[in-house]
Amino acid sequence: PEQAACEETDDAVQDEVDTFPIIAGARWEATWRWNCGAGYANLTSHVQAPRGTRGGKEGRKYCAARCLESPSCVAFSYPNLGDGRCWLKVGDARQSRRLDANCGGPDIAWDYYTF
């Protein structure tokens with residue numbers, strides 16, 4: 001994993017501008033309004049505030065940290081509206097131009113972060 005010695009990306013900066021935000025000390029590839037939902041394996045989920053709302057930045061950091069703690073976690077979906085939960089993903093649930101990996105599809109309710 002690429003650990004970064006940079007400041008956390010702020011919600012105001014992150015709003016669909018920074019494709020490679022730093023969250024929980026690691027660089028992620030963000031795909032805005034995207035989800036690899038049905039048909040892709042979940043490791044676990046955590047109740048969190050949607051992006052752009054009070055607690056959203058802390059919630060995203062919490063979910064990123066939980067993903068980094070698990071060797072099998074490859075990504076997480078975070079509610080833009082969503083169901084109020086972040087979902088940690090395993091297996092082939094990667095959406096990344098950098099890694100040439102594809103999953104899921106457009107979904108306005110979610111933002112997707114691949115490690």
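Biologist: Where is the place of Ala24?

Modeller: Ala24 sits in the loop that links β1 (22-23) to β2 (26-27). Bear in mind that this is a predicted model.

Biologist: What is the phi of Ala24?

Modeller: Positive, about 55 degrees, although Ala24 is not a glycine. Asp100 also has a positive phi of about 55 degrees, and Asp100 is not a glycine.

Biologist: Where does Asp100 lie? And is Asp100 buried or exposed?

Modeller: Asp100 is in the loop between β7 and β8 (105-106). Asp100 counts as exposed because its relative accessibility is 67%, and the cut-off for exposed is over 50%.

Biologist: Step back a bit. How many helices and strands does the protein have?

Modeller: There are 2 helices and 9 strands. Along the sequence the pattern reads α-β-β-β-β-β-α-β-β-β-β.

Biologist: Which strands form the open sheet, and in what order?

Modeller: The order is β3-β9-β6-β7-β5, with antiparallel pairing. β3 (29-31) and β5 (42-47) have a single partner strand each, so one side of each is left without a neighbour in the sheet. From one strand to the next, the twist averages 20 degrees.

Biologist: How many bridges join β6 to β7?

Modeller: 4 bridges, between residues 73-79 of β6 and residues 85-90 of β7. Phe76 has Leu88 in β7 as its bridge partner.

Biologist: What packs on the sheet?

Modeller: Helix α2 (residues 56-69) does, touching β5, β6, β7 and β9 (110-114). The direction of α2 makes about 160 degrees with that of β6.

Biologist: What span should α2 have, and how far apart are its end C-alpha atoms?

Modeller: α2 has 14 residues, so at 1.5 Å a residue it should span 20 Å. Its end C-alpha atoms are 20 Å apart, which agrees.

Biologist: Which residues of α2 are buried?

Modeller: Gly56, Gly59, Arg60, Cys63, Ala64, Ala65 and Cys67. Across the protein, 48% of the 115 residues count as buried.

Biologist: On to the core. How many residues does the largest nonpolar core have?

Modeller: 15 residues. Trp28, Phe76, Tyr78 and Tyr113 have the most contacts inside it. α2, β6 and β7 each supply at least two residues of this core.

Biologist: What is Trp28 in contact with?

Modeller: Leaving aside neighbours within four places in sequence, the contacts of Trp28 include Phe20, Pro21 and Ile23. Ala64, Cys67 and Leu68 are also among them, as are Phe76 and Tyr113.

Biologist: What does the second core include?

Modeller: That core is separate and has 7 residues, including Trp34, Val74, Ala75 and Ala93.

Biologist: New topic: Arg51. Where is it? Buried or exposed?

Modeller: Arg51 is in the loop between β5 and α2. Arg51 is buried because its relative accessible area is 8%, and the cut-off for buried is under 20%.

Biologist: Which side chain does a polar contact join to that of Arg51?

Modeller: That of Asp111, at 2.3 Å.

Biologist: And Gly84, where does that lie?

Modeller: In the loop between β6 and β7. Gly84 counts as buried, at 18% relative accessibility. Beyond neighbours within four places in sequence, Gly84 is in contact with His46, Val47, Gln48 and Pro79.

Biologist: How far apart are Gly84 and Ala109?

Modeller: 25 residues in sequence, and 9.9 Å in space, C-alpha to C-alpha.

Biologist: What percentage of contacts join residues at least 24 apart?

Modeller: 61%, among contacts between residues at least 6 apart in sequence.

Methods: Residues numbered from 1 in each chain as written. Predicted model: local features only at pLDDT ≥ 70, side-chain atom pairs only at ≥ 80, totals over all residues. Heavy atoms only, no water. Pairing = 2+ DSSP bridges. Axes fitted to C-alpha atoms, helices over the stretch in contact; angles between N-to-C directions. Contact = heavy atoms within 4.5 Å. Buried < 20%, exposed > 50% of the residue type's maximum accessible area, 1.4 Å probe, protein only. Polar contact = N/O pair within 3.5 Å; in protein donor to acceptor, adjacent residues only side chain to side chain. Core = buried A, V, L, I, M, F, W, Y, C linked by side-chain atoms within 4.5 Å. Expected span 1.5 Å × (residues − 1).
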